[in-house]
Amino acid sequence: HLKEMLTALGRLARDPNVEVQVQVLVAFTNILDVHHYHDVFQSGPTFPHICQHMMQSCAHGDERVVQAAISFWGSICYVEDSGIRRIMFSHFPKLLPFLIRKLEFH
């Protein structure tokens, strides 16, 4: 049922309510923390889509959304699967400058 849950979260990610957006990001991160990464990403292109959504959420105007997206990247850094790391690293050229700017302001 994990694939159905990820699909439902993907639909909710487009909700205009900021609190819903935050909870969706937290849910993605919690799923990644609780389940084996391989199980979560085995169902096709889910992980690249989640990463893209997290990148977009890092640029959100609400700090709660941004913090939830940053938590995802912190959590995903512990993945040992080389395929997942390759996808994750493809986002680093855009992600790292953003994260450094966020650190400079805090």
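Author: Angles under 35 degrees count as roughly parallel. The model considered here is a predicted one.

Reader: What makes H2 and H5 roughly parallel to each other?

Author: The axes of helix H2 (residues 18–34) and helix H5 (residues 63–76) cross at roughly 10 degrees. The cut-off is under 35 degrees, and H2 and H5 are therefore roughly parallel to each other. Their axes come within 9 Å. Residues of H2 that make the contact include Val22, Leu25 and Thr29, and those of H5 include Ala68, Ser71 and Phe72.

Reader: Why does Thr29 count as buried?

Author: Thr29 belongs to helix H2. Buried means under 20% relative accessible area; Thr29 has 7% relative accessibility and therefore counts as buried. Leaving aside residues up to four places away in sequence, Thr29 touches Met54, Ala68, Ser71, Phe72 and Ser75. Among the buried residues of H5 are Ala68, Phe72 and Ser75.

Reader: How do you know that the span of H5 is close to the one expected?

Author: H5 has 14 residues, for which 20 Å is expected at 1.5 Å a residue. From its first C-alpha to its last, H5 reaches 20 Å, close to that expected value.

Reader: What caps the N-terminal end of H5?

Author: Asp62 does, with a side-chain oxygen 2.8 Å from the backbone nitrogen of Arg64. A polar contact is a pair of N or O atoms within 3.5 Å.

Note on methods
Residues numbered from 1 in each chain as written. Predicted model: local features only at pLDDT ≥ 70, side-chain atom pairs only at ≥ 80, totals over all residues. Heavy atoms only, no water. Axes fitted to C-alpha atoms, helices over the stretch in contact; angles between N-to-C directions. Helix = DSSP H or I, 4+ residues; strand = E, 2+ residues; numbered from the N terminus. Parallel < 35°, antiparallel > 145°, perpendicular 65-115°, else oblique. Contact = heavy atoms within 4.5 Å. Buried < 20%, exposed > 50% of the residue type's maximum accessible area, 1.4 Å probe, protein only. Expected span 1.5 Å × (residues − 1). Polar contact = N/O pair within 3.5 Å; in protein donor to acceptor, adjacent residues only side chain to side chain.
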